[in-house]
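I opened my notebook to look through one structure. My entries follow in the order I made them.

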Amino acid sequence: MSDGNSRGMDILFVADPLASFKVYKDSTYAMMAEAARRGHAPWACQPEDLVWRGGRVLASASAIRLTGSGKDWFTAAEPAWRPLAAFGAVLMRKDPPFDEAYLNATYLLEMAERDGARVFNKPRALRDYNEKLAIARFPQFIVPTLVSCRGEEIRAFLAEQGDIVVKPLNAMGGSGIFRLRPDDANLGAILETATGLGSRQVMAQRYIPEIADGDKRILLIDGEAVPYALARIPAPGETRGNLAAGGTGVARPLSGRDREIAAALGPGLREAGLLLVGLDVIGDYLTEVNVTSPTCFREIAAQTGCDVAALFVDALESKVAT
């Protein structure tokens, strides 16, 4: 890991409002802090601060100074218009949902790339790798899965599998996830809600009982796995392990199967321009490929001493130098 960079760069973080950060667990904050420690200058804006004007993509962005880890953890200079190509790196760290606003932001970021901006993760890859649908690229690692907006299709899949999980394609944090069994008295209402009365595609997967042992987040940095995963263990009475849904995070060394999945996926994800990816694995099965704003840096670092933010900034500096 680098102990500093004598040639500091301005790094633009396109993210949610900084005041909403929970810095004790926020991976974007960890990136900012490590970058600043090395002499880089963090800047911040939101997707709505991006514009295309005069043939260039610019951001109304603020230089950020980190002041601590409490409520008032930063100060921000007055926003200034700067072309994205003027930054040493641009990090897209906006949380889902991957809605129309998010999609349009990726188009602007891709236009900025044509001006010379270095954007991570690559905007085209953010579009190509839907965090749920991307698992279809790796069928050897997944459980039986269906994508449909038709209630009768999902009912037939449920009858075949006996126990399934249904989830939206563009949300995060466990939002909108249902576990369904054939005798569920609310099955019809749940399917109507999940699919928007048949207007919205959802993903249905065979239920994996090993969720009781945790939904593991495996971080890939430039295609290489961080040696520890964070197992998100569901709260009592919950199906979802997501920390946002009350799960408890426990860091564990990667298992042999974890390493097998990471080694199989890493090179292709790196080639696609995905500097940071969060693979979700339950038991021996891949369930999601998270590319928008993968997290768990701070939990892994706190429990193992493995400085994930330092590994990430190492990789970022290497990419920018090439």
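In which sense, left-handed or right-handed, does α1 pass α8? I looked, and the crossing of α1 past α8 is right-handed. The rule is that the near helix is turned from the far one by less than a right angle, anticlockwise for left-handed and clockwise for right-handed.

A note on the source: this is a predicted model, where local features need pLDDT of at least 70, side-chain atom pairs count only at pLDDT 80 or more, and totals for chains, interfaces and linings use all residues. Residues are numbered from 1 along each chain as its sequence is written, and side-chain values use heavy atoms, with hydrogens and water left out.

**Entry: the helix pair.** I checked the packing of α1 on α8: the angle is about 65 degrees and the axes are 9 Å apart. That makes α1 roughly perpendicular to α8 (65 to 115 degrees). Axes are lines fitted to C-alpha atoms, for helices over the stretch in contact, and angles run from 0 to 180 degrees between N-to-C directions. I listed the contact residues (heavy atoms within 4.5 Å). From α1 they are Ala 30, Met 31, Glu 34 and Ala 35. From α8 they are Ala 309, Ala 310, Phe 312 and Val 313. By class, I noted seven nonpolar, no polar and one charged residues in this contact.

**Entry: helix α7.** Which residues of α7 (297-304) are buried? I found Phe 297, Glu 299 and Ile 300. Buried means under 20% relative accessible area with a 1.4 Å probe, protein chains only. Their cover includes α1, α8 and β13 (215-221). After α7 comes Gly 305, with a positive phi near 85 degrees.

**Entry: the sheet.** I traced an open sheet of four strands, in the order β9-β12-β10-β11, with antiparallel pairing. Strands are DSSP runs of E, at least two residues; helices are runs of H or I, at least four; both are numbered from the N terminus. Two strands pair if DSSP finds at least two bridges between them.

**Entry: Glu 113.** Is Glu 113 buried or exposed? Glu 113 counts as buried, because its relative accessibility is 19%. I placed Glu 113 in helix α2 (100-114). Leaving out residues up to four places away in sequence, Glu 113 touches Val 119, Lys 122 and Pro 123.

Terms used:
Buried means under 20% relative accessible area, exposed over 50%, partly exposed in between (1.4 Å probe, protein chains only). Angles under 35 degrees count as roughly parallel, over 145 as roughly antiparallel, 65 to 115 as roughly perpendicular and the rest as oblique. Ala, Val, Leu, Ile, Met, Phe, Trp, Tyr, Cys and Pro count as nonpolar, Asp, Glu, Lys and Arg as charged, and the others, Gly among them, as polar.
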